[in-house]
Amino acid sequence: MALLHSDVLCPYCLQELRSKDLKMVCNICGTPATPTKTELLLKKTPKCKQSGCRGFASARQCSYCDSKLPSDILDYEKYLRFSILGITGSGKTNFLTTMLHELRHTAESPWVLSPMDSITTAVFQENDRAIYNMRQPVAATAAGTTPPPQLWKIKDKSRMTNTVIPSYSMTIFDGAGEDCEHIDPVISRYIEGSKVLVILIDPLALHGVASSIPQNILNWSTSASHDADASADMVDGLATYIRQNCGIAPGKLINRDIAVVFTKIDAVKDTFGSATVMQPSPYLARKGFVKADADAVDAEIRDWLESQGENIFLDAIDTNFKKGSVRFFGVSSFGQPPTGSYQLGKVMPHRVLDPLIWMLSKEGIVPTL
Amino acid sequence: MDRRNYFEILGLDFDPPEKNQRRIDKAIAEWKKRTEDMLANETIATRRAVLSDELSLHDDMIETLRENKTRNVEARALKEVRTQQLEKLIDIMLVGQSGTPEVTNAQIRNVHLKLKLSPKTIEDTYVKKGFVVQRVIKAVNLNDAFLTPVVAGNISSKISQLQAMAIPKYPWTSKVSDLYDLACYFGGGSDSDTGSYHKKRTTELYSIMESWAAQFASDMSTQGHLLADLFTAGTTQVFNTEANRKKYDQSLEREKMKEFFALLKAAPEDFKKDRYFADSCIRTIQKNFPEYNLSLALYNQEAGLMQDPYEPLEALIHLTCGSCKTPAEFRTREDAERGKCAVCGAPLYIECPKCHKKVPATADRCSCGFLISEMQFFDEYVKATEFALKEMDLGEAGKQYANAENAFPGHPKLSALSQRIKAERDKYDRPLNELKALIAARMFSKAQTLLGTLSASMPQLKLDSQKKVIDEKMAEVKRLMPVGSSSPVDKANRCVEILQIVEDYQPAIDVLISTRPRKPLNLSAGVMGTSSLTCTLSWNATGDKGVKYQVVRKKNGIPQRQADGEVLAADIGDLSYKDTSLQPGISYGYAVFACRRNVFSDPSTCEIANFSELDTKHLRTSAENGVCRFSWVLPPNCIGVRILRSTNAIPSENPSSGSTVVTAKASANFDDAGVSNNNTYGYRLQCVYPYESSFRYSQGVTVMLTPEQPPAALRSIISRIEGRLVTIRWNSPDNAQRSVLIREVSSNAANSLIGQVIPASDINSMIGTGRTYANTMSTSMQAQFEIPPNMSVALAVICVAGSKGIISDIVRVSSVEKCEIDKKQTRIEGNRLRITLANKPKNLEKIHYIVAKKTGSTVPWATIEDVKQKSLAILSLKEYERDGMILVEPLPKADLYISVIGQYRMSDGSIIYSEASKLRLSNKPKEKITYRFTWAAGGFFSRARARNCKLIVSSNAEETPEIYVVYKSDGHIPMKLQDPKAVVIHTIPESDSGFTNNEYVYQFPDNTWDRITSGTPLRLFIQDDDMAEFEIASSDIESCKVP
């Protein structure tokens, strides 16, 4: 995505910046330095003006949020940002962790993924260790807290030339069980700034689904204890919020890309039988977003929701968001139910990359087939 | 001028001080109002001035009492004043007193009410002044002092009935007022004696009551019943113990005060706790019940004050004169111990003769346990002792002396009395004891003689009772002596009975000595045991009384007299005898004699002989190649073994034509070489015993033996197990055909038998009764069989020849349930293989697996050897359970050969492997099949219609599976072919050549859609089995909907 009036997007505050708006600070003493006209003209890194300091003002800071920006912030081709939202227990962090893990470790993946800052590294490593080494789901993020966004750098091998490899910045905001009625200002900034909103739904938390599923399967879900309409209410609340902040009239449908991702799809695999959503994702193998497959999955999930009597939820989606901008996905972060109390079996994520590849296709990074 | 203390003015508690501010404020307000009212009504100027002054204290009062510190100072000041007042009062009370004064709790409460000091402060003050606080007087339990009202009332009412009853036989009934009077009249006393019966000992009264109770028990008349009841009450409730008698006495006294108690009950309640009234009443009661505490308890009981009893203010020591029963009071114990009765001058305390402590004269017991009340009977006991001595009744004299000693230990009179008794005993005891012993031993003849001697030499001795007994017994036996024509047996039996009465009656003894008892009947003998022999003799009695038996034994002969042989037992009363000192091989003769007064009967006799057999525990027999071998251990007295042999039969006991004596007398072993292989021989081994100049033979031990060529051990035994199938291979030592038996070993001792030749019949006992898994020939070189799953078993490989076998080896094999791959759940997802097990067999420890592709002509299935060479991947059961699968990635794009072999750890620690579970899956790229529908195009203003529908299926596959066109009857998307609502509207047949031009087109009849709702999704499905090779998807999902 090209920014219209700016060169850079601050991955922290999602503020669009012009390169000249970036604050330059000394890499030794941290003192801000303004480049002279000559330095600007010659595109030289300004020297630190602090007496005695011989550093260069090579470090960059966001002039809005003062966050220290990566040194290569000006080199990114695209600035991706999306928010993962969902009620507590819907599996947001697990989904995000397995998605990133798959993206980094799948042999067929054409992308090289690396964290942009130490916080992202630490958070990812901790979550990755919990799931893949300790075989335990990531502990729930405390609701109401504002976790820092995860900042990733994607290098696209498929478009690499002898001299250049396209890079993208990816800011992912992993929510903390929002009800979207009382949204924290910081969270609202990410929601507002996200190109795509990923709404995670635990199917076991849907009343219609839960009523037709055996209790032992329901026990896998920690969000099943929510109010029956919690997911629908979240969608309504989110839509209201977007309307208010984007000046959209209440009667007008929102034109924002929404990936409605049903997690824990393995829990209802018997219902889906040999449907497309239960088949392995063809995207990586075919190196693109396979629209027919995505349409089939979308249709299957919608149809399944209807058959389960989840019209409230479907209505919440259809009456708030423009039809073409919403796509349903079915994923399973772990691929199989837990083998014991708080104990995962072999982690075999199912279709967790589908929403991301859809987003990349929207950005034109991957082709739509 | 000093002001009054504020606590005093307000009447508030000061010890401890009142802390409740509201209460203080209320008291101040009330005082102020009260004082102001008084001031308003007061006319006297001086008095008004006083009141005004007092009112002027108001503000200071509030100030002082508000603060804790000042309030406490004010309270403490008043407490000090009041304590000083109390001390002065105590000082006044102590004037002229000596000893340790006591104060009661009642007095402390009294002072508390007056001075408002706390009881604790008052008590401390008294203690400081040398007082001892007398704790609450322990209330006397009236039930311990009186008979229960029911019992007392019952006796009283019956006495009243008796008084009213006119009985001609007992004209004095109207004069009977209590049980003492009753005892007096029935004990033969007159009116003047009634008083003396009150002083009689309880035991005497009890015996009177008891004897009359027994007499009246059978009297059915009204008066009889009444008297029986009274005497029974006397024995069971009054005179049975000293305590009950005392209760009865006190109940009688209480009855006498009935009128006074009636007046006391009617007295005003206010008076009852008045000190003067109460103390006066208690003194009145003390006239009958001198003990103060009892009187106090009676007062409280009769005045109805049991719930809130009266307690005397003064702490006095109340005593009663032991002689005249006059009460006395003292302030201190020291005064009381020194005090004497004011009326008769008797000391109120006496010294306990036992522990020499001072004890109140009226006390029953001293604290050391000595019974003080018993002292009064001392003189009586002394008199009774002297009387008994005079009467020459030394037993009674000793008894009375013991009573006297108990009543007053150490009394001077006792030593003289004791000496007298001893002297009398020394003089008369020996002859008397001798006489008693003779009587006890039923030697009445001798006793009669001694009695005559004693009567002559000691005429003062009273021997009437002894003489009476002796004369009676002697008269009885004289009467019983048989006379006339009775048989000798009857006479003897009668004399035995007589001697049971009089042991030394000579005429009876003479008869018995002259009469021989009859010999025992039916003597029989039986021998038991092998190594240690026991002979049991038994016989029957003849009916002769007073006989004992003597058993005599003789070796090699029969005893004829009681001294002819060894006397085993004499004077036995039983009719049997066990002889345990027998030796085998010797003949014994037994004789049993009946014996009475050393007169023996003729003998009853029998003879026994036991020729022991060879002990089979020590007998070894074996049939070998052309020889039968025997070895043994001879029993005692046996001099050798004779062996008889027959072919195919057991030889008889005596040599005959069918048997051969192979040895006449072998000492320890014998080898019979005169036999042929494979023939069966019967042997009898008889023990040889010397008897006089010849021999005797035992019955003999028999055995059948078949000499034969021995079995040979198999060589190079190898076992192998796959799953449950066991294969055992061996090499035969030669070409001979022998049976090979493969048997389960259940005996731990079997290992020690490897290589040993054992009788085939002993296999069970040696290796246990396990299952036989195979029975084959040695030349077949192997045996195959299955064992149950999950079992570890030791197998003995036995080579059997004829009747013998040899355990060639013992091998251990274990079977396990195969670790099966779940063929439905195991599948390829993406580029991952997910292997799931159908079961988790018992003892499974690890899973070895491999996913291989075919590289040559050989199918790459894994074997147990591969596992042993560690060429397979390993996953522990725990890891498998944690993962829920075996995950293999990445996968080659080819046919995959999956082998899974279980590793099991058995209970004995051994490790075994299951055979491989195998599955082939294809991971070749799936053939793609795409499909779409076309419908009749809609018009400019209309949408597409459900007409002219064509299904176009495209695939480049060389062969295509069966494909189903499906919709769901409820209008939803069909997700699986097996859905009950799924309806197949068309089936594309399987094709070995693929679609023509890579496309299949099918035109649906228009009426197909008549029954299908508009908007119903359509999907194409293939069978699950085909999904490994084919992938089917719609190329235009929107077209797959019925318009």
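B:Asp571 has its place in strand 10 (residues 566-572) of chain B; strands (E, at least two residues) and helices (H or I, at least four residues) are DSSP runs, numbered from the N terminus. The phi angle of B:Asp571 is near 55 degrees, a positive value in a residue that is not glycine. Most residues other than glycine have a negative phi, and most peptide bonds are trans.

The model is predicted, and local features need pLDDT of at least 70, side-chain atom pairs count only at pLDDT 80 or more, and totals for chains, interfaces and linings use all residues. Residues are numbered from 1 along each chain as its sequence is written, chains are lettered from A and ligands numbered from 1 in the order in which they are written, and side-chain values use heavy atoms, with hydrogens and water left out.

Two peptide bonds in chain B can be taken next. The bond from B:Asp15 to B:Pro16 is cis, with omega near 0 degrees. B:Pro16 lies in the loop between helix 1 (6-10) and helix 2 (21-41) of chain B. The bond from B:Glu889 to B:Pro890 is also cis, with omega near -10 degrees, and B:Pro890 is found in the loop between strand 35 (886-888) and strand 36 (895-905) of chain B.

Now to the sheets. In chain B, five strands form an open sheet in the order 26-30-29-25-27, with antiparallel pairing; two strands pair if DSSP finds at least two bridges between them. At the edges are strand 26 (757-759) and strand 27 (772-777) of chain B, each of which pairs on one side only. On average, neighbouring strands of this sheet are turned by 35 degrees against each other, direction ignored; the axes are lines fitted to C-alpha atoms, and angles run from 0 to 180 degrees between N-to-C directions. Within this sheet, strand 29 (residues 791-801) and strand 30 (residues 804-815) of chain B pair in the antiparallel sense over eleven bridges. B:Ala794 stands opposite B:Arg812 in strand 30 of chain B.

Another open sheet in chain B has three strands in the order 42-41-44, again with antiparallel pairing. Its edge strands are strand 42 (982-988) and strand 44 (1018-1022) of chain B. Strand 41 (residues 963-968) and strand 42 of chain B pair over six bridges. The bridge partner of B:Ile963 in strand 42 of chain B is B:Ile988.

What does chain B share with chain A? The contact (heavy atoms within 4.5 Å) takes 21 residues from chain B and 28 residues from chain A. The two chains bury about 2,100 Å² between them, 56% of it on carbon and sulfur atoms; buried area is the accessible area (1.4 Å probe) that two parts lose on being put together, summed over both. In chain B, the residues that lose the most area to chain A are B:Arg832, B:Arg882 and B:Met975, together 29% of what that side buries.

Across this interface the rule finds two salt bridges, where a salt bridge is a side-chain nitrogen of Lys or Arg within 4 Å of a carboxyl oxygen of Asp or Glu. The side chains of B:Arg832 and A:Glu102 meet in a salt bridge (3.3 Å, N to O). Strand 32 (832-835), helix 29 (877-883) and strand 44 of chain B each supply at least two residues of the side that touches chain A. Helix 29 of chain B gives the largest share of that side, three residues.
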